[in-house]
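Colleague: I would like to learn how to read a model like this one, feature by feature. Could we start with strands and then move on to helices and pockets?

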Amino acid sequence: MPLVHEIDYGTPASTSETMVTLTIDGNQVTVPEGTSVMRASMDAGIEIPKLCATDMMDAFGSCRLCLVEIEGRAGLPASCTTPVAPDMVVSTQTNRLKDVRKGVMELYISDHPLDCLTCAANGDCELQDMAGAVGLRDVRYGYDGDNHVKARNNGDLNLKWAPKDESNPYFTFDPAKCIVCSRCVRACEEVQGTFALTIEGRGFDSRVSAGMHEDFVSSECVSCGACVQACPTATLIEKSVIEIGQPEHSVVTTCAYCGVGCSFKAEMRGEELVRMVPWKDGQANRGHSCVKGRFAYGYSSHKDRILNPMIREKITDPWREVTWDEAFAHVASEFRRIQYQYGRDSVGGITSSRCTNEETYLVQKLVRAGFRNNNVDTCARVCHSPTGYGLGQAFGTSAGTQDFDSVEKSDVVVIIGANPTDGHPVFASRLKKRLRQGAKLIVIDPRRTDIVRSPHVEASYHLPLKPGTNVAILTSLAHVIVTEGLFDEAFIRERCDWSEFEDWASFVAEPHHSPEASERFTGVPADFVRGAARLYATGGNGAIYYGLGVTEHSQGSTTVMAIANLAMVTGNIGRPGVGVNPLRGQNNVQGSCDMGSFPHELPGYRHISDDATRDIFEKLWGVKISNEPGLRIPNMLDAAVDGSFKGLYVQGEDILQSDPDTKHVAAGLAAMECVVVHDLFLNETANYAHVFLPGSSFLEKDGTFTNAERRINRVRKVMSPRNGYADWEVTQKMAQAMGLPWNYTHPSEIMDEIAATTPSFALVSYDYLDKVGSVQWPCNEAHPQGSPIMHVDGFVRGKGKFIRTEYVATDERTGPRFPLLLTTGRILSQYNVGAQTRRTENVVWHSEDRLEIHPHDAEQRGVRDGDWVKLRSRSGDTTLRALITDRVAPGVVYTTFHHPDTQANVITTDFSDWATNCPEYKVTAVQVSPSNGPTDWQRDYDEQARQSRRIVGKLEPAE
């Protein structure tokens, strides 16, 4: 198995539809107008030497290696910056060109270390390759005099030399090897959009600098890896390559972090992972990455990883290792006992949004065919279930409408309740590129997120609304569009129900929905709202992107429907550049929903009460399926406390840390008699488990993930499971122990079953995905190539449905005891509950959760930056350190939830969305006060966790 080779065409492809024919080295070539001579040559199979050029960035023309001769033109133009022209005649290799290129290369080599044999880039160095390509055999200039290579010249300090920067945990920067090609600087600007790097100095004094002459880890660098990927030498190189050596084969797979679903080449030596390199053909990420996907994979071999099954009788007992067969037999026996003693509905399962579609499908199948009930739920319900409900009501489907490429054609982008630079950074980079090209931005968020103002990007409008008032702000935007006649009547008459529109329009036009009237709820100046509404309605292609700041509210479903109303009333549906786009939080949140992980739905979002749908699965599975919806997670916990729910199988989720009202979750888990946790680590939920089944990482399994744009991507095994089994095999063996006749031999067979039973996946197979790379559902006879854009000719439900969205204030209110509002979110370097990223070097950037508080609120409470503070709500209290900032408005505080020693969800309440029970994480009334240390609850929790993690004997380490 060789390395996956990718061609670098030197400059980006042209999108022109006009074709141009020219002659290169005697060969006729036809390419789109605007194509560079360099790229046209590569299309003809002729590789022109280059150092500063790469097809991930615009042409730069600085290295002077790619010079060519063009008939009728004087001089030697750079092929990377020269566009093709009709009947142009180009020569890429003449005696004159050979001499010039050798001379240029000599100058580079004369100021470069000649340590090629011991250099980490040996075998993967473009400078080395180009020296060979131009035929360089000697350097006439010698290595004395001014240089950047030696720390001392003739015994004197060399002020042009700079030491190696090893501050970043993942890569090194060696200025001595830098050829100042500017590729790293341009990658940071054009691809990532952070502008953290620059070229300081002039002429021979030029050098790359991070920030204001800082080291990399202290600078604004976000460690996305774009600079490392762009570097043609060993100046910027992964520490893993320095330690392990060059990879010898690679496998294309999909990242297991956020919902962007980036494609990577896992580059290997044997079964050791050398590095993850973003794949240019990945249709979600287009060759870019973030710090998590690019570098934070070390958790898979962390010493905390559990490799052997373990059981215990009581949660106060220490764990003891057992064989897999013992573990499966014990689980089957316990679940049978519980169901015999307490009834069929006394057990259930929770699927994972981090596991593959195939694994999720098997868990819900185990619950329905093995447990014989519908008590299955997933973390997707506590994040994006209102998306499924709201978009299903308005459009007829439960997913976003666009692909990520669509943003390149957007003219106005609305971001509401999302922080893409932290939560979905690769998409954010693509968005920022479009904004730098001139698209306008509207941000609706209580907090001033990075996207509001960053280098060369500034929102036209930031609407810093009071948490919990999303519906009010969206309805007031609609009020402006309707009352000022800015709606798209032709689209509405053709694509929507006109009578429903008239009813909705009369509703939003009522005076109490005006921005002036809503301002007392939202706190947003009316003129800001009016300006934003006019911009979205009249600015061209308008796209809305939203996140958990929309869905995790008591009116989450209402807000999603309000967003759908805005898209329909302006005609922003059904073409590139527009649409309604939920930014999914985890790698397979979309897939876990698609696979039937809800207690009321079978795969494909078909209700459990539908006889025809149940008949499909009953015939295939050979069992009778209950037509009654099962229990959601909160219902399971309530029933456990009441004594009627006693057994739970949890695959790849940590509900004790991720779900709201931690004390209630703990009480429910403690009341159960058999909790089975299936994960990589002894997570927080495992504190209350009786059986632990070790899981496998995404590197150790085959399968598929479905990202936020409905894209089904292959996950490919790059190494053997360290625990012995992939997760789908563990679930299958558990089902077999319970008497189910499952005999899958590969996940492809599970996907075949999904395709046979789920219309939107009808043509999906591993063979097809291997052929086309990825596909967006629906993929069936009607859409054999998949569906990048939804609702092109009409809505799935027929006519788009306008729905009244009355603002109803949440029951969670501020008052004298709890005068502040807490909202929560994520940070770039950490992921979800942190089980993975906390076990990587990413803790360098975020080692603890901090409480953001406005200077006014901090001063009132005598709190200084870095002080320990107590955060208290009606549900509980915790302590963490304060971060004083004006990112949040007075009256609002903000924190992340990545660290279990903080347990932010002990603060959150049990209020939830009216339609889906999605928890209201984003609005909690709190008080903040100075603190001297951990709360009593934190001390008790820490002691219980410490006792719970005791293990009899010694585990085999994972590394």
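Modeller: Gladly. Let us begin with pairing: two strands pair if DSSP finds at least two bridges between them. Keep in mind that this is a predicted model.

Colleague: Which residue in strand 37 does Thr 824 stand opposite?

Modeller: Thr 824 faces Thr 895 in strand 37. That contact point belongs to the pairing of strand 33 (residues 820-825) with strand 37, which is parallel and runs over five bridges. Strand 37 also pairs with strand 34 (residues 850-853), here in the antiparallel sense and over three bridges.

Colleague: How many residues of strand 37 are buried?

Modeller: For burial, the cut-off is under 20% relative accessible area. In strand 37 (residues 892-896), five of its five residues are buried.

Colleague: What is the order of the strands in the open sheet of three?

Modeller: The order is 30-31-32, and the pairing is antiparallel. Strand 30 (703-706) and strand 32 (774-776) are the edges, each pairing on one side only. From one strand to the next, the twist averages 30 degrees. Strand 31 (residues 711-715) joins strand 32 over three bridges, and there Ile 712 stands opposite Val 775.

Colleague: Now the helices. Why is helix 4 described as largely enclosed by the rest of the structure?

Modeller: Count its buried residues: nine of the ten in helix 4 are buried, so the helix is largely enclosed by the rest of the structure. Among them are Arg 183, Arg 186 and Glu 190, as well as Val 185 and Val 191. The elements they pack against include helix 3 (126-133), strand 8 (197-200), helix 5 (226-230) and helix 12. After helix 4 comes Gly 193, with a positive phi near 80 degrees.

Colleague: Which residues of helix 25 are buried?

Modeller: In helix 25 (residues 727-737), the buried residues include Trp 728, Val 730, Met 734 and Ala 735. Their cover includes helix 8 (324-342), helix 9 (357-371), strand 28 (674-679) and helix 26 (747-757). Here too a glycine with positive phi follows: Gly 739, near 95 degrees.

Colleague: And how does one look for pockets?

Modeller: Rolling a probe the size of a water molecule over the atoms shows where empty space is left. In this model the largest pocket holds about 1400 Å³ of space. It is lined by 42 residues, and the closest to its centre are Pro 12, Ala 13, Asp 55, Glu 408 and Lys 433. The lining divides into 14 nonpolar, 13 polar and 15 charged residues.

Colleague: Which helix supplies the largest share of that lining?

Modeller: Helix 12 does, with five residues. Helix 4 (183-192) and helix 12 (425-436) each supply at least two.

Colleague: Is Arg 430 buried or exposed?

Modeller: Arg 430 counts as buried because its relative accessibility is 11%. This arginine is found in helix 12. Leaving aside residues up to four places away in sequence, Arg 430 touches Gln 283, Ala 284, Arg 286, Phe 404, Asp 405, Val 407 and Glu 408. One of these contacts, Glu 408, is also listed among the residues closest to the centre of the largest pocket.

Key: Residues numbered from 1 in each chain as written. Predicted model: local features only at pLDDT ≥ 70, side-chain atom pairs only at ≥ 80, totals over all residues. Heavy atoms only, no water. 1 Å grid on protein atoms, 1.4 Å probe; cavity = no way out; pocket = protein on both sides within 12 Å on 5 of 7 lines; lining within 4 Å. Points joined across faces, edges and corners; volume = space filled by probe spheres on them. Helix = DSSP H or I, 4+ residues; strand = E, 2+ residues; numbered from the N terminus. Nonpolar A, V, L, I, M, F, W, Y, C, P; charged D, E, K, R; others polar. Axes fitted to C-alpha atoms, helices over the stretch in contact; angles between N-to-C directions. Buried < 20%, exposed > 50% of the residue type's maximum accessible area, 1.4 Å probe, protein only. Contact = heavy atoms within 4.5 Å.
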